[in-house]
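User: Hello! I would like to go through this model with you and ask what stands behind each label.

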Amino acid sequence: MIYREAGEFKSTYQADQAIFPIRQDRWFILAILAIAFIVMPLVGSDYWLGTIMLPFLILALAALGLNVLTGYAGLLSLGTGGFMATGAFAAYKLATMFPGLHILAVLIMSGLITAGVGILFGIPSLRIKGFYLAVATLASQFFLIWMFNKFGWFTNYSASGVISAPPMTIFGDIYVTGPQATAAAKYLFVLAVVAFLALMIKNLVRSNMGREWMAIRDMDIAAEIIGIKMLSTKLKAFAVSSFLCGIAGALWAFIYTGSVEPAAFDINRSFQILFMVIIGGLGSILGSFLGAAFITLLPIFLSNAPHWFGMNIPVDMISHIESMVFGALIIFFLIVEPHGLARLWQIAKEKLRLWPFPY
């Protein structure tokens, strides 16, 4: 009984409604946060912080946004890349039109603009669902990318169509965008934003709104019979999902790459985020992070593994092997546990509750 709940009593409603009611869960989360905020900046190199951890955190945020829509509300979407592009270009226009705007205000406003776009494309969700809704959101993906390519206003009439983030500080002389920004500053800023938004979503899915989303996901007709307003509830899911994806797109353009073009958010990006949610676990916040880690870190491991074992394999052969192994592992995980990596974590905790006396 390593992972024990017995003996933990609650005497107040606040303690009973805590996000992590089990003491071991609270200590585990605090340890993860301490490692992420303190240990990683101290021991991590610029390559690890800037090239591996930054895309992992930003893609995890985008996966979290899609998980709100697909995992909790049951609404399929293939427009995540388009919503990320909306956030990126909205942030660029805000930062260039209002140079004195703080980076946090730019992120929040770009997320709100993306939420408005998400609501617009979520209106058909009242009439259609399932694969038909996925096709409708796929249309939004193509339309948004076409719009950012077609109209030069979004790029300030740049000849190449590429937008570049202006240098911006979080406070004082600590830059988080531009050439003066260090990898540690970028990492800590993105980590703080992602941790705050993940905590916000964790609370949101436990509220009335989250329960309404799950009621629609499980059986929409029964949800409507008990009085849940279908259109407003679905549009709220689109708004929250798009808000997170918009901020993820702005972070990708401003913090990670520094400059980006619309092609960076094409349909492949939408599929990548969808795979993260499926592999990590639908309807799970932890699954969003596990799926992002699987998709982001596994190719790096597969590309470096031959060198660790002293094997001299050509680069093109490594790329082909990486694709085959990556695809085989995805199929393996989907067969072994179709509910994702988050379900494996739940099974491990259930085993630890009974160990060493399983029955």
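This is a predicted model: local features need pLDDT of at least 70, side-chain atom pairs count only at pLDDT 80 or more; totals for chains, interfaces and linings use all residues.

User: What makes T137 count as buried or exposed?

Analyst: Residues are numbered from 1 along each chain as its sequence is written, and side-chain values use heavy atoms, with hydrogens and water left out. Now the label: buried means under 20% relative accessible area, exposed means over 50%, and partly exposed is in between (1.4 Å probe, protein chains only). T137 has 0% relative accessibility, so T137 counts as buried.

User: Where does T137 lie, and which residues is T137 in contact with?

Analyst: T137 belongs to helix α6, residues 131-150; a helix here is a DSSP run of H or I with at least four residues, a strand is a run of E with at least two, and both are numbered from the N terminus. Contact means heavy atoms within 4.5 Å. Setting aside neighbours within four places in sequence, T137 is in contact with L76, S77, L78, G79 and F238.

User: Why is the pair R217 and D218 called a salt bridge?

Analyst: Side chains of opposite charge can pair when their charged atoms come close. The term requires a side-chain nitrogen of Lys or Arg within 4 Å of a carboxyl oxygen of Asp or Glu. For R217 and D218 the closest N and O atoms are 3.1 Å apart, and the pair forms a salt bridge. R217 is partly exposed because its relative accessibility is 32%, whereas D218 is exposed because its relative accessible area is 55%.

User: How many salt bridges does the whole structure have?

Analyst: The search finds two. One of them joins E350 and R343, at 3.6 Å from N to O. E350 has a relative accessible area of 36%, so E350 is partly exposed; R343 has 27%, so R343 is partly exposed as well.

User: How do you know whether the radius of gyration of the protein chain agrees with that of a compact globule?

Analyst: The radius is taken over C-alpha atoms, and the globule rule is 2.2 Å times the number of residues to the power 0.38. For 359 residues a compact globule would have a radius near 21 Å, and the protein chain has 21 Å, so the two agree. The C-alpha atoms fill a box of roughly 70 × 60 × 45 Å along the principal axes.

User: What does the secondary structure come to, and what share of the residues is buried?

Analyst: The protein chain has 14 helices and four strands, and 45% of its 359 residues count as buried. Among contacts with a separation of 6 or more, 74% come from residues 24 or more positions apart.
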